[in-house]
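Please keep the sequence and model in view.

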Amino acid sequence: MAERLYRPTPLPDADQRLAALRSRAREDIHILEFPKRQFPFKRRADVLEVAIVGGGQTGLGTSFGLLRQGIKNTMIFDQNPPGRQGPWRTYARNHLLRTKKDSTGGLEWGIPSLHFIRWCESCYGADYFENIQKIPRALWADYLEWFAETVDLPTRYQTAVRDIIWNPADRVFELHTSNGLFRAEFVVLCTGIESAGKHRFPRVVEDALPKRVYAHTMTEPDISHLVGKDVVVIGGGASAFDWGNAAMAVGAKSVDLLIRRPNLPQAHRVCWGSRWVGYHRHYIDLPDDMKWSYSLADLDLGVPPPRDTYYEAIRDPRFRLFGAAGIDSVRYEGGKIVGNYGGTELKHDFMICGTGSNNSIFGQTELQSILPRIRIWKDVYAPKDGRTHPELELSPYLGKALQFTPKDPEDSFVGRIYYLCSGVAHLSGFRCNLSAIQFVAKRVCDDISRQIFLDHRDEVKAAFDAFDLWEE
């Protein structure tokens with residue numbers, strides 16, 4: 001508990017140390033930039049080679065990876081202002097990241113001076129990193145901001161991508177955004193766990209309760225009004241426990257957390273498996289039936305909250321956990337939420353729904369013109385034993401580089417869109433988490449580089465044949 005709430009104090013000369021680290025990192029990037037020349041073909045002035053949608057940790061890692069491959073004509077689009085990409089300074093309430101401290105996403109692409117460890121040592125001293133098991137969320141947000149400023153990736157903030165349309169005549173994607181039209185040859189979607197843009201509420205809650213008395217864990221409401229209130233939390237995942245703890249921290253009178261299962265899941269097998277060397281690197285190469293089996297088991301098992309989050313909650317006498325407590329009915333009466341949960345009637349002032357987000361790509365408005373042309377798992381695979389799940393059936397059937405695959409070979413252009421979002425969580429083995437970013441980002445960057453080379457092979461060969469100098 002003490003570690004989880006501990007906020008380290010920066011070293012007295014942290015600013016100078018971080019400035020020196022930034023200079024060293026930029027020098028290292030320059031030293032390791034080889035070859036320095038891009039492919040010899042004429043680029044279109046009004047067309048990006050790659051548009052990255054989403055500037056959180058996955059978008060940053062992918063964008064920097066493309067730069068390391070010599071692909072510089074790129075742009076990150078993020079709908080948030082600088083510093084507020086991803087969940088870390090918005091709706092996240094966890095004190096610590098879920099992964100161990102050695103899972104940092106490979107954002108540095110082999111450059112130690114860009115690594116979180118070097119940043120942490122510069123800011124807080126070498127002993128601090130050695131004495132923690134997980135990275136505090138606030139520190140991770142600060143590091144990502146420092147990383148983005150250091151590598152200086154081209155980014156358009158406060159720019160929402162609303163539609164992505166393929167222009168077959170010019171062979172480019174047209175991105176219709178809140179700040180105008182942009183064109184790109186490739187698109188990488190890195191919009192995280194909110195990809196579909198719709199928070200999942202129990203239908204009975206939406207139908208029966210006024211909106212002012214409930215909220216979702218993936219929103220950013222002020223919860224100061226919960227002082228002295230009785231709060232009910234629906235769901236038993238990490239964010240549900242985080243928000244229960246946050247409610248108690250601001251002074252809630254009580255917090256009841258309700259789960260449909262009789263008990264919380266006992267193990268997080270995906271997290272355990274992700275610590276094997278090669279698991280994330282090679283998962284995408286598994287046969288379809290094994291991917292399906294892994295994913296179905298994962299859905300059946302569920303995911304427990306982190307140990308530190310769980311113990312913070314149960315140690316507080318204001319907290320109660322109810323199993324086998326699905327919502328039978330709920331109503332708003334006499335200024336109270338009156339609910340029947342698994343046969344038990346309880347009254348509360350406010351409800352927090354930790355019920356996840358819509359993981360279906362069919363809810364992503366920016367993909368509506370593309371969706372009819374891509375394959376989903378239902379198009380390709382039917383389990384022999386008949387055991388299925390709608391979330392799996394409707395997941396995109398991705399290629400080895402996590403690119404869309406076409407229903408019709410004539411629509412091969414969809415293979416130029418790479419999907420690094422929550423919608424691929426189960427069947428691709430990627431959950432937008434730090435333990436996997438470095439492996440999927442490399443596949444994406446390698447594939448884009450390969451396709452650019454092949455697209456312009458005639459121009460590259462012509463330049464090769466025309467070269468006639470002794471040295472250059």
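Lysine 442 is partly exposed, with 44% relative accessibility; that class lies between buried (under 20% relative accessible area) and exposed (over 50%), using a 1.4 Å probe and protein chains only. This is a predicted model, in which local features need pLDDT of at least 70, side-chain atom pairs count only at pLDDT 80 or more, and totals for chains, interfaces and linings use all residues. Residues are numbered from 1 along each chain as its sequence is written, and side-chain values use heavy atoms, with hydrogens and water left out.

- Lysine 442 pairs with aspartate 446 in a salt bridge of 2.7 Å, N to O; the term requires a side-chain nitrogen of Lys or Arg within 4 Å of a carboxyl oxygen of Asp or Glu.
- Both residues sit in helix 15 (residues 437-455), four residues apart, so about one helical turn separates them.
- Helices here are DSSP runs (H or I, at least four residues), as are strands (E, at least two), numbered from the N terminus.
- Aspartate 446 is partly exposed, at 31% relative accessibility.

**Salt bridges across the chain**

- The whole structure holds 26 salt bridges.
- One of them joins arginine 89 to aspartate 142, with the closest N and O atoms 2.3 Å apart.
- That pair links distant parts of the chain, 53 residues apart: arginine 89 lies in the loop between strand 2 (74-77) and helix 4 (116-124), aspartate 142 in helix 6 (residues 137-151).
- Arginine 89 is partly exposed at 28%, and aspartate 142 is partly exposed at 30%.
- Aspartate 308 forms a salt bridge with lysine 134, the closest N and O atoms being 3.1 Å apart.
- Here the partners are 174 residues apart, with aspartate 308 in helix 12 (residues 307-314) and lysine 134 in the loop between helix 5 (126-130) and helix 6.
- Lysine 134 is buried, with a relative accessible area of 12%, whereas aspartate 308 is partly exposed at 23%.

**Helix 8**

- Helix 8 (residues 238-250) has 13 residues and spans 19 Å from first C-alpha to last, close to the expected 18 Å.
- The expected span is 1.5 Å times one less than the number of residues.
- Ten of its 13 residues are buried, so helix 8 is largely enclosed by the rest of the structure.
- Among the buried residues of helix 8 are Phe241, Trp243 and Met248.
- Glycine 251 follows helix 8 and has a positive phi, near 110°.
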